Amino acid sequence: MDPVSAARALVEEMFPGALYAYVGGSVLTESRTSTSDLDVVVVLDGLARPYRESLRWRGWPVDLFVHSETSLTAYLDKDFERRQPSLARMCAEGAVLTDRTGGRASDLQSALGERLTAGPGGLTTAQTERARYALSDLLDDLAGTTDPGEQAFIRWEVVQTAARAALGVGRRWQGSGKWLLRELRAHDPKLADELLSARDDPARLAAVASEVLERAGGRLWEGYRAEGDPFHRPLGHIAAGELSGDTAQSSGMRRLAAISGATTGSSRLWMGQTHVSPATRSSDHHHGASETAIYVVSGTPSFVFLEDGEEVRHDTRPGDYIYVPPYVPHREENPDPSQEAVVVIARSTQEAIVVNLPSLAG
């Protein structure tokens, strides 16, 4: 049985109600080996917790990546952020096994394909200097060591660090293990061959790595300086009457920004007030990668989410706190027919991320 047919049969047997599923990875390419897994991504409706599982099915080694649509988005975002989109490649370059959503599987493939083609963007100045410093320092270690064991480890570290530097400067995706080599071969096959052929020859390896350094701006050791966060900036003071309404707004809610990039120059923290009108209920939604903390100032707002498939409601009163983890579907309600609720919100992103969902199941 070919890998796509095998993966499709597996999904039909193990996940008959899957929203959609893909099979990807080496097993679909000319790089397939006798130990290549079926990398199967399965998306289920209302899955409480995503999981990864390795198993053997009808003789096939299988790696399962089981998600809800919400958790799949979260994991894809994390991979793109670290510049190693392995899960995105499984979905975008794999085969659709089933789709009960009317085309969302193919739509996601197209969107991920465009993002993969666009690349991760260039390195920042600080990232480039860090890459130059790391490779320069390794080359000094390689030149100075007399221990054969240390040299062996340093040589392989030089190969990998040079590969990552070349990919970073070239605005290409990264990888680990065999995927680091595959990404480098796709970007610069000549360099990949040179690094591999020089890995047991310290002098030749140093020459190849030095060529990579020149692409990044040359050696950097003496004079390299990476400053930490400043410790002596002035404190910000936002008076009660100075809160800003120049922020994202939603129907039935009035938001006022206190601590933000605009008001204090904060980069990771946003804090402000939200006034929730009486008898108001938000849509089911999540806040993407943002962590959110809520302090109830007045009123009796409620916060609803799913746990093990059942709705859980936190009814609050003044002085209570609520924590909303990233990507968790929930909704806010103010059931009081006559009194507004006022809450103070702190979140870990400047952007007010609101992803509306058809239900709390995601």
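Modeller: Before we start on this predicted model, one cut-off: two strands pair if DSSP finds at least two bridges between them.

Colleague: OK, what makes β1 and β5 a pair?

Modeller: Strand β1 (residues 20-24) and strand β5 (residues 95-99) share four bridges, and the cut-off is at least two, so they count as paired. The sense is antiparallel, and Val23 stands opposite Ala95 in β5.

Colleague: And which residue of β2 stands opposite Tyr22?

Modeller: That's Val41. β1 and β2 (residues 38-43) pair in the antiparallel sense over five bridges, and at least two are needed, so that is a pair as well.

Colleague: What makes you say β1 is largely enclosed?

Modeller: Buried means under 20% relative accessible area. Five of the five residues of β1 are buried, so the strand is largely enclosed by the rest of the structure. Tyr20, Tyr22 and Gly24 point one way, while Ala21 and Val23 point the other way, and all are buried. In a regular strand, side chains alternate between the two faces of the sheet.

Colleague: Where does β1 sit in its sheet?

Modeller: The order is β3-β4-β2-β1-β5, an open sheet of five strands with mixed pairing.

Colleague: How do you know which strands are the edges there?

Modeller: You look for strands that pair on one side only, and those are β3 and β5. Neighbouring strands in this sheet are turned by 20° against each other on average, direction ignored. Helix α2 packs on the sheet and touches β1, β2 and β4, with its direction at about 105° to that of β4.

Colleague: Staying with α2, why are α2 and α4 called roughly parallel?

Modeller: Two packed helices are described by the angle between their axes and the distance between the axes. Helix α2 (residues 69-81) and helix α4 (residues 104-118) cross at roughly 10°, and their axes come within 13 Å. Angles under 35 degrees count as roughly parallel, so α2 and α4 qualify.

Colleague: Which residues make that contact?

Modeller: Glu69, Leu72, Leu76, Asp77 and Phe80 come from α2, and Arg104, Leu108, Leu112, Arg115 and Leu116 come from α4. By class, that gives six nonpolar, no polar and four charged residues.

Colleague: What about Ser68, why is it called buried?

Modeller: Its relative accessibility is 7%, and buried means under 20%, so Ser68 counts as buried. You'll find Ser68 in the loop between β4 (60-67) and α2. Setting aside neighbours within four places in sequence, Ser68 is in contact with Val43, Leu44 and Leu47.

Colleague: Over to Arg58: what stands out about its phi?

Modeller: Phi of Arg58 is near 50°, a positive value in a residue other than glycine. Most residues other than glycine have a negative phi. Arg58 is in the loop between β3 (51-57) and β4.

Colleague: And how do you know whether Arg58 is buried or exposed?

Modeller: Exposed means over 50%; Arg58 has 57% relative accessibility, so it counts as exposed. Asp308 also has a positive phi, near 55°. Asp308 lies in the loop between β11 (302-307) and β12 (310-315), and at 59% relative accessibility it counts as exposed.

Colleague: What makes β6 and β13 edge strands?

Modeller: They belong to an open sheet of five strands, ordered β6-β7-β15-β10-β13, with antiparallel pairing. β6 (253-259) and β13 (321-324) each have a single partner strand, so one side of each is left without a neighbour in the sheet. β6 pairs with β7 (residues 270-276) over six bridges in the antiparallel sense, and Leu256 stands opposite Gln273 in β7.

Colleague: Last one: why say the buried residues of α8 are on the same side?

Modeller: In α8 (residues 189-198), the buried residues are Leu191, Ala192, Glu194, Leu195 and Ala198. They cover an arc of only 165° around the axis, which puts them on the same side of α8. What covers them includes α6 (148-169), α7 (178-187) and α9 (202-216).

Terms used:
Residues numbered from 1 in each chain as written. Predicted model: local features only at pLDDT ≥ 70, side-chain atom pairs only at ≥ 80, totals over all residues. Heavy atoms only, no water. Axes fitted to C-alpha atoms, helices over the stretch in contact; angles between N-to-C directions. Helix = DSSP H or I, 4+ residues; strand = E, 2+ residues; numbered from the N terminus. Parallel < 35°, antiparallel > 145°, perpendicular 65-115°, else oblique. Contact = heavy atoms within 4.5 Å. Nonpolar A, V, L, I, M, F, W, Y, C, P; charged D, E, K, R; others polar. Buried < 20%, exposed > 50% of the residue type's maximum accessible area, 1.4 Å probe, protein only. Arc of directions from axis to C-beta.
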